[in-house]
Structures are given as structure tokens and as C-alpha cells.
Amino acid sequence: MKKKIGVKILGTGSYFPEKVLTNLDLEKIVDTSDEWISARTGIKERRVSEKNEPTSELAFRASVEAFKFANILPKQVDMIIVATITPDMFFPSTACFLQRKLNIPSVPAFDLSASCSGFIYGISVAKAFIESGLYKKILLVGADELTKITDWTDRNTCVLFGDGAGAMVLSASHENDDILSVFLGADGSYSNLLFLPAGGTFNPATVDTVNERLHTVKMYGKEVFRVAVPKMVFAAEKALEFSGKKLEDVKLFIPHQANMRIIMAVAKKIGISIDKVFVNIHKTGNVSSATTITALDEAIKSGRLKSGDIVELVAFGGGFTWGASVIRI
Ligand code: COA
């Protein structure tokens with residue numbers, strides 16, 4: 001019988017822009033306080049990209065790190081996937097801009113849109129392509145610049161977001177199978193709770209849409225919070241069940257970094273102790289598609305994880321979308 005093709009994680013990388021925007025800086029922009037932001041979200045500061053630093057640039061820097069770690073050359077990958085909701089342009093895809101920056105010859109490259117769950121969706125797509133035997137080495141990136149679609153006059157949202165990118169190189173393997181499970185979900189009936197109203201075909205850009213700030217994120221935070229917790233718990237439990245592992249086997253739980261109170265509530269409901277939960281939201285804010293992969297990269301590079309450890313990633317985002325994956329690093 002033909003042996004099943006497994007997936008090996010060859011390496012990870014991440015990148016955050018240099019510029020730091022602290023809560024104290026935000027106090028000068030909107031009617032808010034460090035105390036309110038810290039207590040309600042856990043965020044202390046976030047990174048903000050420069051005007052001439054598009055999403056593909058962050059993706060490029062994170063990918064270079066991942067290739068270094070994986071000890072392979074960019075030209076060895078045969079597919080590029082970028083999970084993002086803040087592409088450089090509507091088209092071509094950010095994956096194509098990244099391909100150009102990495103000087104990778106003609107391999108398929110495309111973007112994937114699943115909001116903050118984008119990287120988990122990406123893991124699922126990469127796994128399926130590799131297991132099918134069609135592709136052998138995939139560069140998967142989660143990259144977003146939410147600060148470029150933020151309304152800096154809206155204190156309900158502008159304190160939450162940051163910019164960043166994370167990358168993972170995955171390879172076909174006959175010895176390893178590092179993606180133990182993936183579970184995905186979505187419910188479009190919630191699409192009116194977290195969205196960017198204009199610029200698409202529903203509401204094309206006009207002077208009015210710009211003046212009305214319709215090219216920035218609109219969010220009903222309380223409702224998002226209410227749905228996020230049970231969906232993340234459900235996804236995490238399903239992915240764990242499908243992986244055949246037990247909660248005790250999980251060395252580190254890496255939740256989407258959107259709000260410290262969501263993270264605490266999810267951890268409590270799952271029954272995982274907080275010392276096994278990775279948190280870096282205080283210094284990043286919500287970096288959307290990039291949260292789980294940048295957190296994973298930091299956990300690996302800081303020595304918190306070692307080879308063979310079992311990790312669970314879980315995310316939730318606009319759509320609503322959600323997803324979780326149990327992996328071995
Ligand atoms: N600074 C100071 N006050 C603020 C504020 C800010 N940055 N943002 C909101 N407020 C005020 C509100 O105006 C409101 O005032 P009011 O009672 O006078 O009307 C008060 O604080 C409470 O607002 P509320 O919306 O009830 O706060 P909250 O506890 O729900 O926290 C969020 C707000 C946005 C932090 C929280 O709802 C949240 O994190 N939701 C999920 C968002 C998310 O994760 N999105 C991404 C998902 S991928």
C-alpha cells in the first residue's frame with residue numbers, strides 16, 4: 001500500500017515593524033487611557049508599519065527568517081500562500097508581490113482571506129496540498145497591517161490593532177507528521193459585526209466613502225467578544241479530539257491575541273492552566289492573521305518550546321471564522 005504523505009514543519013519566522021505605538025501615545029490621539037486599554041485588553045503597545053512598508057514587506061522579512069531557520073532556499077518551495085485581509089492591493093495578490101521580493105520562479109502563489117483565523121485556514125490548505133502529493137514544499141505566511149485600515153478617531157477600535165507577519169515552511173515527509181489536526185468553522189450570519197464597509201464591489205470607493213471613514217474597520221466589540229469565546233473553545237476542543245491527544249499532552253496553548261480577557265476566558269473554559277498559555281498581546285496588539293504564527297515563532301526562538309513538543313493554536317476573526325490546529329514542532 002502507498003505510504004501516507006506526512007507534513008513536516010521545517011521552520012518559522014516573524015517580523016514586526018520598528019515603530020512602537022504605546023498606550024500613552026494613544027492618549028494623545030483619542031480620549032483613552034493606558035489604564036483603560038491595559039485593563040480591558042491587556043495591550044500596552046503595538047508595532048506600526050511605515051507608509052512605504054506594505055504587508056508584502058513584512059511578509060518578506062518574516063519569510064527570510066523562516067527560510068534561514070528551515071535551512072532551505074526560497075526557490076525550493078513550490079507554492080506560496082499568504083493569509084491576509086490587508087493586501088498590498090486588491091490585485092495582484094500579496095503572495096505574488098512576496099514571490100517577486102523572494103525571487104521565486106513561477107510556482108503558484110495566492111492569498112487567503114479568513115480574517116484573524118487566516119493562518120489556521122492556511123495550515124489546513126497547505127496540509128491538504130502536501131498530503132495530496134501535488135506540492136512538496138510550501139511557504140505559508142500570515143501577515144497583516146490593520147493599522148492601515150484603522151479609524152484613528154474611533155477609540156473603540158484604534159487601541160486594539162497592530163502590524164506584523166509570521167511565516168512557516170512546510171514540507172512533505174515520509175517520517176514526520178507534524179500537523180496532527182486542523183478544525184475550521186465559519187458563520188457568515190455574523191458578517192455585519194466586524195467588517196470594512198467600503199472599497200469593495202458592495203460599496204466602491206468614492207469621495208464620500210473616504211470622508212465617512214468607510215475604509216476602516218467597524219466592529220461591535222461586545223458582540224464579537226460574546227461569540228469569540230465559545231467558538232474558540234469549541235474549535236480548540238474539536239482539534240484536540242481529532243488529534244488523538246489529551247490536554248495534558250499539550251505543552252503550549254497559543255490563542256489568537258485579540259484581548260487578554262478573551263484569552264483568559266477561553267483557557268478557563270478549556271481547563272488549561274494559564275502558565276501553559278502563550279501571551280504576547282501586551283507588546284503586539286491584535287495582528288490578525290499573524291497572531292498565532294508570530295507567537296509560535298517567539299515561543300520556539302525563546303526556548304519555551306523544544307523539538308517534539310505538542311502545541312495547540314486557536315483563532316477567531318471577522319466573518320465570523322474560527323479554527324484550531326494541533327501541531328508538533
Ligand atoms: N478608552 C476608554 N474608554 C473606552 C475605549 C477606550 N479605548 N473604548 C471604549 N470605551 C468606553 C466605551 O465608550 C464605553 O463607554 P460608555 O459606557 O460610556 O458607553 C465603555 O468604555 C465600555 O465599553 P464597552 O464596549 O462595554 O467595553 P468592553 O468591556 O466590551 O471592551 C473591547 C471593549 C473592544 C475591548 C471588547 O469588547 C473586545 O475586546 N471585544 C472583542 C474585540 C475583538 O477581539 N476583535 C477582534 C476579533 S478578531
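Me: How many Å separate an oxygen atom of the ligand from an N or O atom in the side chain of W36?

Reply: Before the value, a word on the source: this is a predicted model, in which local features need pLDDT of at least 70, side-chain atom pairs count only at pLDDT 80 or more, and totals for chains, interfaces and linings use all residues. Residues are numbered from 1 along each chain as its sequence is written, and side-chain values use heavy atoms, with hydrogens and water left out. A polar contact is a pair of N or O atoms within 3.5 Å; within protein, one must be able to donate a hydrogen and the other to accept it, and residues adjacent in sequence count only if both atoms are side-chain atoms. For W36, the distance to a ligand oxygen is 3.4 Å. The side chain of R40 has an N or O atom 2.6 Å from a ligand oxygen, and for R261 the value is 3.1 Å. The protein covers 75% of the 960 Å² of accessible area that the ligand has on its own; such areas come from the Shrake-Rupley method with a 1.4 Å probe, and for residues only the protein chains shown count as cover.

Me: Which residues around the ligand come nearest?

Reply: A residue is near a molecule or strand if one of its heavy atoms lies within 4 Å of it. Here there are 23 residues around the ligand, and T32, R40, R155, K222 and N259 come nearest. For classes, Ala, Val, Leu, Ile, Met, Phe, Trp, Tyr, Cys and Pro count as nonpolar, Asp, Glu, Lys and Arg as charged, and the others, Gly among them, as polar. The shell has 10 nonpolar, 8 polar and 5 charged residues.

Me: Which elements each supply at least two residues of that shell?

Reply: Helices (H or I, at least four residues) and strands (E, at least two) are DSSP runs, numbered from the N terminus. The elements in question are α2 (34-41), α6 (155-158), α8 (221-243), α9 (260-270) and β12 (310-317). The largest share, 4 residues, comes from α8.

Me: Why is the ligand said to lie between two domains?

Reply: Domain bounds come from an automatic or database domain assignment. Because domain 1 (6-177) and domain 2 (180-328) both give residues to the shell, the ligand lies between them.

Me: Which residues touch the most other members of the largest nonpolar core?

Reply: In soluble globular proteins, nonpolar side chains tend to be buried together. Buried means under 20% relative accessible area, exposed over 50%, and partly exposed in between (1.4 Å probe, protein chains only). A nonpolar core is a set of buried Ala, Val, Leu, Ile, Met, Phe, Trp, Tyr and Cys residues joined through side-chain atoms within 4.5 Å. The largest one has 43 residues, of which F253, V266, I270, I272, V314, F316 and F320 touch the most other members. Two or more residues come from each of α8, β11 (250-255), α9, β12 and β13 (321-328). Helix α8 gives the most, with 10 residues. Domain 1 (6-177) and domain 2 (180-328) each contribute at least three residues to this core.

Me: Is helix α11 mostly covered or mostly uncovered?

Reply: Helix α11 (residues 291-301) is mostly covered, with 9 of its 11 residues buried. Among them are T291, I293, L296 and D297. Just after α11, G303 takes a positive phi of about 85 degrees.

Me: Where is a cis peptide bond found?

Reply: The angle to read is omega. The bond from F91 to P92 is cis, with omega near 0 degrees, and P92 lies in the loop between β4 (79-83) and α4 (94-102). A cis bond also joins G319 and F320, with omega about -10 degrees; F320 lies in the loop between β12 and β13.
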